[in-house]
Each structure stands twice: as C-alpha cells, then as structure tokens.
Amino acid sequence: MCMLKKHYLTLAALIFTLLPVAAYAQGLPAEVVTVSNSLLDKKISAVGNLRANESVMLRPEQSGRIEKILFTEGEKVEQGKPLFILDSSVYMAELKSAQASVQLSRVDYERAKSLLSKKVGSAQDRDSTLAQLRVDQAHQALAQAKLDKMTIKAPFTGYTGLRLVSPGDFVNQGESLVKLTDYSTLKLDLKFPEIYLSELQIGRVIEIQVDALPGEVIKGKLSAISPSSDSNAHNIEIRAEIPNNDGKLRPGLFAQASLLVDQQETVVIPEQAIVPKDGQFFVMTVTEDHKVNMIPVKMGQRRPGVVQIIEGLSAGDILIIAGQIKLKPGMPVTPIFVDGSQKENATAKQG
C-alpha cells in the first residue's frame, strides 16, 4: 500500500513539472491583427446655415388691383410662368391709342417719301414725318412695357411660398406679394482659419450633416473662395454648393460641415494597441518565432478609436492589440488573429 502511494506521488510530481513547461513553450494567447495601410483623410470642420440657390420676394413695379392669381402656394413654377395679373384696362387703352398714332404717322411718312421721290414734296417734310413716326413708336413701346408689367412672372424656376395678398386686393408699387425660392441646389457659406488657404481649392468635396436628417451625410463641393481674408478674425470665407434634387434639405437649416483637404495612404492601428511608458509610446508585435517585441512608435493624427503611426510600424507586422499588461518583451505567445488575416497570410504563403 505504501509502495503504491509512493508511485502515485512520483507520477503526480512528474505531471506537475511537465505541464508548466508545455504551457510555457506554447505561450500565452494574444489577440493580434496584421498591420496594413489605410487611406487617412485630413478634414477641417466648420458650421453654417444653408441658403437657397435663388430667393426673391416678388413685388409689383406698378400699382393696381389684383385680377388673377395663377399659382398654388408651395407649387413648383417654371421660369416665365405668369403668377399675378393686375387690372390692365387703363394701360391697354394707352397702348391702343399709341398704336393708332403709329399707324397714322407711318401713313404720313410714306406719303412724304413718295412726294419727294416725284420731286413734289420736300426733304424737310419727309424728315419731319419720320421723326414723328419714331416718337409715336417710342410711345407705343412705353405703353406696351407698362402693360407687360401688369403681369408678374416667375424670374426663375422655383417654389412659391405663402402669398400675402388675395384676388381683388389693391397693391402699391413695391408691396410684397409672395416669395419664390429655388432650393434644387443649396449654398453654404463657411469660414475657415486663413492657415488653410493653400488647401482650399475649387471642387474639393465637402460633407455636411443636419439635425433634421440624423446620421445622414450629404456631399457637396467647394464652389467659391473669398478673394480676401478677414483682417480681424484671420479667417477666409468659402461657399459650397450642396445638391438637393430630392428636396430633403431646406434653406435656413443649421449644418455641420467638414472639408476634405488631403488624403494619404498610411498605417492606422487601433488605439488600444498603444502602450505608454516613461513619456514615450510603444506597441507590441509578434516576431516570426512567436515572441513579443516592443517597438517605440511616433504617432500622427487621431480618429475615434484609431491612431496614425508615422514611424515604427509597416504593413505586414503582427500587432498585439489586447492583453499587453501580461506580456513582456521576449515572451512566447500564441497569436489569435481577430481580423481574419491569418487565413489570408496562410493562403499567400501556400501560393
């Protein structure tokens, strides 16, 4: 019985000795990813309010009574469409009178010209009748212009607002009638610090977000740059065009904008892979023989959850992204690829 107990104790001691060796040889598991190059955008941000592409308050150039209203509030109207017709009876009478005068003056002129060709009339009579014809034609053109102004047309294609008058109202010259707005394309005026002047270029992509459409990013382009900088605030104003063919946006909305000024291919890694130590920053990588290696790195731009690495890493390195507190340089590890790159590496090696 004693011999059997002694045999069990010896066997247990042997197993206890061998297990740590095997575990140490395999190494602790470590979550890793394969470093790769990514496109990193450099953006500058600003805020502003959206403006309509075109917006105008329609007003009559002459006083008169509104005879007809030819649109519905909120309707899209084409350029040149009549919107208001004012009572034009007085101007119509003036036009007819002017037309009659022109007709009579033309007859007088033709007669004087005919008499002169037969050497019966004088050149003075011909010139006088021609001058009178020109005067009467000018009066006719003036009467026609006054008559035309009694019909108020859309100066551009857009949407009508809420009208401020009704049929039968007498409106004075310059009185507000209705607002016409074109928001098929919107404008956004922004101000950026003047240090970015060299990076502001016509045609650059700009992205905006509005509270009315949460989570949606809308793209436009930079269309104009102010020719001068604000000497007090030291910023420069730009204008962007935002397409709005679907009509989701409206003038006056508050917008948060970011302008893409540069794009470069660089190494970007998860932020949790950074190990701060003694005022410096390090990362842990896995060598070809599955051992930990600590490397100092120089960081660049930061983004939510990621950071740019300017020096220290290159594409293809195996980077440890979790559990660094348990690891030390030179320790063996078992890499666990959490980004699926292990299969890609194996396939590349077989090829």
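## Aromatic pairs

By the ring rule used here, the count comes to two aromatic pairs; rings of Phe, Tyr and Trp (its six-membered ring) pair if their centres lie within 6.5 Å, and planes under 30 degrees apart count as stacked, over 60 as edge-to-face and the rest as tilted. Phe71 and Phe84 form an edge-to-face pair, because their ring centres are 5.3 Å apart and their planes stand at 75 degrees. This pair links distant parts of the chain, 13 residues apart: Phe71 sits in the loop between β3 (64-69) and β4 (76-77), and Phe84 in strand β5 (residues 82-86). Phe71 counts as buried at 8% relative accessibility, and Phe84 is buried at 0%. Here buried means under 20% relative accessible area, exposed over 50%, and partly exposed in between (1.4 Å probe, protein chains only).

The rings of Tyr159 and Tyr183 are stacked, with centres 4.8 Å apart and planes at 20 degrees. Tyr159 lies in strand β7 (residues 158-160) and Tyr183 in strand β9 (residues 178-193), 24 residues apart. Tyr159 is partly exposed at 29%, whereas Tyr183 is buried at 13%.

## About the model

This is a predicted model: local features need pLDDT of at least 70, side-chain atom pairs count only at pLDDT 80 or more, and totals for chains, interfaces and linings use all residues. Residues are numbered from 1 along each chain as its sequence is written, and side-chain values use heavy atoms, leaving out hydrogens and water.

## Helix α3

Thr129 belongs to helix α3 (residues 123-148); helices (H or I, at least four residues) and strands (E, at least two) are DSSP runs, numbered from the N terminus. Thr129 is buried at 18% relative accessibility and touches Ser105, Asp108, Tyr109 and Ala112, not counting residues up to four places away in sequence; contact means heavy atoms within 4.5 Å.
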